[in-house]
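The sequence and the model come first, and the description follows.

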Amino acid sequence: MNRKIFHAAVLLMTVAAFGNVLAGQEAAAAGTLNDALGVLNGWLATVLFFDVFPGEGEFPFIVAWLVAGAVFLTVKMGFINFRLLGHSIAIVRGKYSRPDDVGEVTPFQALTAALSATVGLGNIAGVAIAIGIGGPGATFWMIIAGLLGMSTKFTEASLAQMYREIRPDGHVMGGAMEYLSRGFAGLGWKGFGKGLAILFSILTIGASLGGGNAFQVSQSLTAVKQQIPYLAEEPWIFGVVMAFLVGVVIIGGIRRIAHVAEAIVPTMVGIYLLAAGWIVFSNADRVPEVFALIFSSAFSMEAGMGAFVGIMAQGFKRAAFSSEAGIGSAAIAHSTARTPYPTRQGIVALMEPFIDTVVICTMTALVIIITGVYDANGQHAELIANNQGAALTAMAFGSVISWFPIVLSISVVLFAYSTMISWSYYGERCWTYMFGERFSMLYRMLFVLVVVAGSIGSASAVLDFSDLLLLSMAFPNMFALYALSGQVKRKLSAYLEKLHSGELDREVGRG
């Protein structure tokens, strides 16, 4: 029997068995899961997060760490986030690709694989949650964080290419764990770098099971239940179906994931933006008023400095969860791209936060604010209180396009599904980094079981767990971006010299 078929059969039988165990016991299982997550959340918040703002407001250290890094890298890289978007599009279109470039997937496939992990429920559920908690002003800080995050994403993707390892079987091992261990070793800090690489791997595995898995299932289920009420009584069924679909794809590794992402991402983004655009343009007369509200709320001191800081923190936090700039996750996907210049894939990567946060999150925010569903004192207060962002966004769309919640439910499932298959690869690469290729199947089995478990956990508990683990990944990753940014800057300068002299165009001509 073909090995992959055998592995798929084992995965699917395991999921079916787990689903049968949960059937009829989901209430007890949900209570146990939520209690466990509550304990973990409290421990993580105490150990890995602390407030760095001296006044009333709360601004977590991790969020400040990300913001400071993004500003530093934007300046150091000469505002590359604004200068090279046009060149990025040319690379994605294949202008500079050659058949002999080394890697596993094309630059475009690496981009869509990374986007499939970031363009997900953070754009739908996360934005709704941010506005529900922080008000319209959180949108402004999300956009700022997205623009700054472009430089961060460029740096980490470039480093992933610089320090990747091409293994004898042709598979790539790359990402923050590689540039932390090998990059710091080159600076004479081998033990420190290895320790950070292991910490990053542990956090990524946890984040893949939380934000990249359980959160996606939990939030997509809240939207689907609006259309299929039966799932409110038997949520584990949704988990089992999603687990089957995820398991079939992740057996094939990055090439299968990239092919699926390449097909799904452009379609689902197109459908979502068309619907959001329809609502925004139908209310074009209100758009200036909405932007004025966003801007005034972003800088409002009406409720004091504490509220202002809270709004800013909420916007940056959601942007980090949405675009993952500085987290180090997307670097794993970009390390697999076929390219002779590390900087080139970094330039491709800077498109991610722009598409994900500046465009998609802003459109979601406009719909939510225009329709007014974000009011915590209104009829949707329960959804806001329970952090059911996907359901809140569905309500926003449904208030204008009566039939659209059905389409949105499908979109939500696709967003969640694409995010899960990419995050499974991120977690699997870190698992493999720590334990070796022989045990990768064990991680995949664990991942599909968590899909089922995620369908019965409470949205709030899963959201907190996801935030804590995913944002914590920035702690070790940003150490590398600060320490190794000089190497990236030198590579960038050399690449731009070749680009402006026409040498890169001549290389393509010779190829």
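## Cavities

On a 1 Å grid over the protein atoms alone, a cavity is a set of points where a 1.4 Å probe fits but cannot get out, and lining residues are those with an atom within 4 Å of a point. Grid points are joined across faces, edges and corners, and a volume is the space filled by probe spheres set on the points. The largest cavity of this structure has a volume of about 150 Å³, and it is lined by 14 residues, of which Leu66, Ala70, Ala145, Phe316 and Ala325 are the closest to its centre. In total, the structure holds five cavities of 30 Å³ or more.

Two or more residues of the lining of the largest cavity come from each of α3 (61-76), α8 (137-162) and α15 (305-323), where helices are DSSP runs of H or I with at least four residues, numbered from the N terminus. The largest share of this lining, five residues, is given by α8. By residue type, the lining of the largest cavity divides into 10 nonpolar, four polar and no charged residues; here Ala, Val, Leu, Ile, Met, Phe, Trp, Tyr, Cys and Pro count as nonpolar, Asp, Glu, Lys and Arg as charged, and the others, Gly among them, as polar.

## Basis of the model

This is a predicted model, in which local features need pLDDT of at least 70 and side-chain atom pairs count only at pLDDT 80 or more, while totals for chains, interfaces and linings use all residues. Residues are numbered from 1 along each chain as its sequence is written, and side-chain values use heavy atoms, with hydrogens and water left out.

## Aromatic pairs

The structure holds 20 aromatic pairs, counted where rings of Phe, Tyr and Trp (its six-membered ring) have centres within 6.5 Å, with planes under 30 degrees apart taken as stacked, over 60 as edge-to-face and the rest as tilted. In one of them, the ring centres of Trp65 and Phe475 lie 6.2 Å apart and the planes meet at 40°, so the pair is tilted. This pair links distant parts of the chain, with Trp65 in helix α3 and Phe475 in helix α24 (residues 474-501), 410 residues apart.

Trp65 is buried at a relative accessible area of 15%, whereas Phe475, at 29%, is partly exposed; buried means under 20% relative accessible area, exposed over 50%, and partly exposed in between (1.4 Å probe, protein chains only). Both residues belong to a cluster that ring pairs form from Phe61, Trp65, Phe72, Phe184, Trp189, Phe192, Phe475, Phe479 and Tyr482.

## Cysteines

The structure holds zero disulfides, a disulfide being a pair of cysteine sulfur atoms within 2.5 Å. Cys361 is buried, with a relative accessible area of 1%, and Cys430 is likewise buried, at 0%.

## Individual residues

Ser297 is found in helix α14 (residues 287-298) and is buried, with a relative accessible area of 16%. The side chain of Ser297 reaches the backbone oxygen of Leu293 at 2.7 Å.

Phe79 has a positive phi of about 55° although it is not a glycine. Phe79 is placed in the loop between α3 and α4 (80-83), and at 42% relative accessibility it counts as partly exposed.

Key
1 Å grid on protein atoms, 1.4 Å probe; cavity = no way out; pocket = protein on both sides within 12 Å on 5 of 7 lines; lining within 4 Å. Polar contact = N/O pair within 3.5 Å; in protein donor to acceptor, adjacent residues only side chain to side chain.
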